[in-house]
Amino acid sequence: MTETGNGRPATGNGNARVLDAHCHLWHFDANEYDWIPEEPAVLRQDHLAADLVRELDAAGIDGAIAVQARQSLAENDFLLEQADASGGRIRGVVGWVDLAADDVRDVVARYASRPLLVGVRHIVQAESDPDFLERPAFNRGIALLHEYGLAYDVLVYAPQLPAAIAFVDRHPAQPFVLDHIAKPAIAASRFDEAWLRDLREIARRPHVTCKLSGLVTEVRDPTWDGDLLRRYLDTALDAFGPSRLMFGSDWPVCRLRTDYGEWVSVMRAYTDALSPDERDAVWATTAQRVYKTLCLR
């Protein structure tokens, strides 16, 4: 990708800047974040707004979307406080709401009144019930989100994609964001053909966009490089097109396999062949449109 003098990707639209659509923040607590592995221990420490801003500055990224890592209303309050502490660099928060609760409308309305709350997410990948996305109460909660201008991030593993397809079909007016290209199992010796088929199918829904994020932690091999990931990235690009893709780092989770700057470099190299407007979409404007936010400082 052509770069500007400050190391940022050049864009075709002078108003577009660079936005990381998927980061996490936490005060580390082993009980609160029991999904974080003991080894490697790199995630078992605080990762706060000031730490994220240092990564953004070093990589030439203008802003970020902070995404929930705990399923509690306290997570929303924490991330919104971190956004306030970020000097405007955190441009939006994807939080969590119990969408099946009786008081869901009141809770959604309260958080939707906060301008930086731009979406919600549930960690569906961890649900043991294969029919979780069919639950009537959960779907009633989803049906409220469009009314309040909120996106919904779909976090599933590749085998859960058929259920996710049926789920998004029930809500054709709701903007959905598929996290981490649905987390295929990535290995040099085997390509996930079922994932390819299902990703192409969900991409046929125009109200679904997709994040180019989280790939490195799905690699099953001891090492990885951009060539290993290219077929997965190509599949997403072909299925969704640049106007429905957004760059994300999945920092600090990505630190299990890479660092922030390396992932940005891999994605800059990958998007180099795109046109300026297509690069704008992946690096800024898709996320701006879906999350109704700006990445300008």
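**Close-up views of a predicted model**

**View 1. Cys 210 is buried, at a relative accessible area of 0%.** Buried means under 20% relative accessible area, exposed over 50% and partly exposed in between (1.4 Å probe, protein chains only). The closest cysteine sulfur to that of Cys 210 belongs to Cys 23, 16 Å away and too far for a bond. This is a predicted model, in which local features need pLDDT of at least 70 and side-chain atom pairs count only at pLDDT 80 or more, while totals for chains, interfaces and linings use all residues. Residues are numbered from 1 along each chain as its sequence is written, and side-chain values use heavy atoms, with hydrogens and water left out.

**View 2. Cys 23 is also buried, with 0% relative accessibility.** Its sulfur lies 8.2 Å from the closest cysteine sulfur, in Cys 254, too far for a bond. The structure holds 0 disulfides, a disulfide being a pair of cysteine sulfur atoms within 2.5 Å.

**View 3. An open sheet of 8 strands has parallel pairing, in the order E1-E2-E3-E4-E5-E6-E7-E8.** Strands (E, at least two residues) and helices (H or I, at least four) are DSSP runs numbered from the N terminus; two strands pair if DSSP finds at least two bridges between them. Strand E1 (19–23) and strand E8 (245–247) are at the edges, each with a single partner strand, so one side of each lacks a neighbour in the sheet.

**View 4. Strand E7 (residues 208–212) pairs with E8 in the parallel sense over 3 bridges.** Leu 212 stands opposite Phe 247 in E8.
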